[in-house]
Amino acid sequence: MKIIKLLIIIICFASNSTAQTSPAEPSTIELTSTDHGLAKEIEILHQQITTEEGLNSTKLFTKNYLERLINPINTNSILPDTSCIVTIPIVFHVFHPQGSAGVPMSQINYAVNDLNLTFAGTDADYTTVNPIFAGVKSYTKIRFARALIDPKGNPTTGVVYYQDKQSGFGNGSGWDNEIISCAWENHKYFNVYIMNDLYANNTTNNSGVCWYPSTFMSNNGTARMVYNYVYFGQGGSSYNYLEFNQTFTHECGHYLNLYHTFEGNSCTGNGDYCADTPPADNAGAGCLVTACTGPINGENYMDYNTSCMKNFTMEQNDRMEAALLTPSRQSLWQYDNLVATGLLNPLSTNSCVVLNDFFAYTKTDLVEAIANNGTIEMPPISIYACGSTQFSISGGNLVAGVHYNITNVPAGLSVSIVTASNGKSATMNFSGQATNHSSSNSVNNILLTFTNASIIGGNVSAVQNNTKNFRISFKNPWQQICETLTITTTPTSTWNSFETAGPVPRFYGLWYNANTFYLENYGRGIITTGISSDNIQFLTTGTAIGAASTWRIGGGQGVLYSSTYTSLNNQTGFVGFRMQIGNDFFYGWMKISVSSINGITLLEYQYNEKPNETILAGSICNSSIGIDENFNDMHLTLFPNPANDYFTFQNPNETFSEAELCLLTLEGKIVHTEKITAANQKIDIRFLANGIYIVSLRYKSEKLEYYGKLSKN
Ligand SMILES: [Zn+2]
C-alpha cells in the first residue's frame, strides 16, 4: 500500500467556461441526427454571442469599420493594397487511429484547395448563383494555407497526426485544458482540430463548429475550428459529399466573424448584419425559396444547405475584412508571420511585399531543452531581412553593442547572431546553460534591438520588427504526475469521469452499462489483452509501460468486467495508458480495483511528465521534489546523507528489527533490498551510480511503508 501522496498544483490557463463541464455519459448506440450537428453548432455560436463579453469589442470594431467603409472618414485602407492576397496559416490537428492513412494529405489538400476556390469565387458553381443575387455575390482576397514552419521553428506539413483518438473539442466549455495542451500559438496559426466525435457524445455525424474572433480565446489558446473528417475534402475518410463538404467554408466564415444568414430566426432584427443577405427566419429553408421579404439567399455559404453552397456577398466580404483587423486575427496574415510560418519566401519580390521593409523571426518563444539542464531547445531562431532590408555584415557575426543590443538574457546563456552570405538572413542562437533554470526563472522580457549599424542604409527605424521581445520558459525537473483518488462506479452510480492533472490533461471515465464495467479512454491508447481486444490487461508491479508496449488504439471503451470477461474480478491491478501531444507520448498507469458486485474503483494514477519516457507499473511517486518523506516521524535516520560508499540506517525502535529496507530509483525501479537486523545497520552502496534514491522501509507485519531519500555522491 502506498502512502505517498503528491499534490500537484498546476496553474492552468483561465478557462472560457464558467464551470468545467464533465464529459457526458457514453452511449453504446450511435445517436443519429439528420441535421449533421448543425443544431448544436447554432447553440454553441449563440452561446458565444450572448455570453462572451470579449465579443463586444469585436462587434464594436466591426460596426465602426463597416460604417467607415460606407462613410469613409479615413480613405487609407488599413488592409494591404487591395490587389494583395491575404493568407491565413492553418495547422490541422488530425485525430484518427490510422493517422495519415486515415486522413491522408491528399484529403487535406483537397479541402484546402476547395476552400480557396470558394473564397476566390473560382469554384465552378459561383457562375450559377441565382441571378437575383448576381449583383451582390462576392469573392474575397482571403486564402488559407497549411503552415510550413512549426512553433519551434522546424519544418512542418501543417498537419499534426495523432494516433490516439480524441473527442469533445467541439464543446463550448469543459474541454479547454485538453484543447490548450494541443494548440499552436493562436495568434500565429488558425488551429483546426479534425476528429470524428465533436462533442464526445458518441455521435459521429456532427459536421463542424467554429468560434467568432475573440481576443480572449486567442490569448487563451482555445480559438479554433473543430471539424469532422467524414465531411472533409475528398478521399481518405471523407464520405465524399463534395458539396456538403463546403461546410468547411461555412466554418471559416464564422472564423472571420460571419453570422448565419438566418441569425435570430426572424424576419426582423439585425440578422447577420449584412443588408445584402435577405432576412430568413429558418435555417436551411432551401436553395431557391421565398421567406420573410422575398427570395432568400439559400445558396449562401452562411445558410445551412447541403447541395447548393455557392456564394458570399459583398457585405459578408466587408465583415470578413473587418475581422482580419481585429486583434485576434490581425497578426495571422501579416507578412512577418507568413515568413515565420513558411508561407512567404523572405526573398519575395512580389510588389505587395517589397514595399515593406521588415524583419521576420521564426520564433520568439523558446523553451528549455528536454535535457533539462539549462540549455535551450533547438533549432536556433532564423531572422530574415525582407523587402529591401539587408544586414550590413554578410556571412559573419553581428556584434552586440554595435549591431544590436539585447537585454535580460538569463545568466549562463549567451547570444550570437550570424548572418548568411547574402546578408538576407541570420541565425540567432542562445548557447550555454542557464545558471538558474527552474520554471520560476522563466523570462518574458528579453529584448533585442537592432541598431542602424546592423543594416545597409543605416535607418533601422524604418524596418518593422527592428525590436523584438523573446521569452524563455524553463522547466522544473521532470517528474511524475500522481494523484490518489477514490472514484467508484457501481450498477447504481453508472458514470464518473476525471481529468488527469499536470501538463497533459485528458478525460477518462468509469462506466457501467448492461452488466459491463468500462474504462472510457476515448479511444486513446491503453494496454489490453491484444491489439484488437478491448479487454483490459492488468500489469504486474514493475512492468515497463512505454513505446515498446502493445497498445490498443482507437478501440471501444476498455472492458474491466463483462459476462464474457471475468478474469479481473475481485482484483486490483495496474492499467497501462498513454496520452499524446503532437509527436510526443506520455506513459502512465492507473490502479483500479474490480468487483462485479461492488463496482470498479480508480485508486491512483501516475504518468511521466517527460515525453516518451517509460514508466513502471506501480512505481513510487516521485521524485526529488514531491516525495512525502516520513522517516523523521518514525525517528528513522540515514547518515551520512549524502553518502559515498556506505550509509548507516539507524532504527531506534526494536519493533522494526524485522523490517526490510529497499532502495529505489526515482523512477521506482528497485535496485537493492536488505533485511534490517540491527539498530544501526551499515549499508553498502558502492555499486550504485551517483544520484538520488528513495529508501523505503517496510515492516513485516504492517502494511505501511516509510520513506526517506538518500543522495549518493
Ligand atoms: Zn454555422
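Author: The buried residues of α3 are Gln-107, Ile-108, Tyr-110, Ala-111, Leu-115, Thr-118 and Phe-119 (buried means 20 or more other C-beta atoms within 10 Å of a residue's own, exposed means 12 or fewer, partly exposed is in between, and C-beta atoms are placed from the backbone). This is a predicted model, where local features need pLDDT of at least 70, side-chain atom pairs count only at pLDDT 80 or more, and totals for chains, interfaces and linings use all residues. Residues are numbered from 1 along each chain as its sequence is written.

Reader: Which exposed residues does the face turned away from the buried side of α3 carry?

Author: Helices here are DSSP runs of H or I with at least four residues, strands are runs of E with at least two, and both are numbered from the N terminus. α3 runs over residues 105–120. On its face turned away from the buried side, the exposed residues are Ser-106 and Asn-113.

Reader: In β3, which residue is the bridge partner of Thr-87?

Author: β1, one of the elements covering the buried residues of α3, pairs with β3 in the parallel sense over five bridges (pairing takes at least two DSSP bridges). The bridge partner of Thr-87 is Arg-143.

Key: Expected span 1.5 Å × (residues − 1). Contact = placed C-beta atoms within 7 Å.
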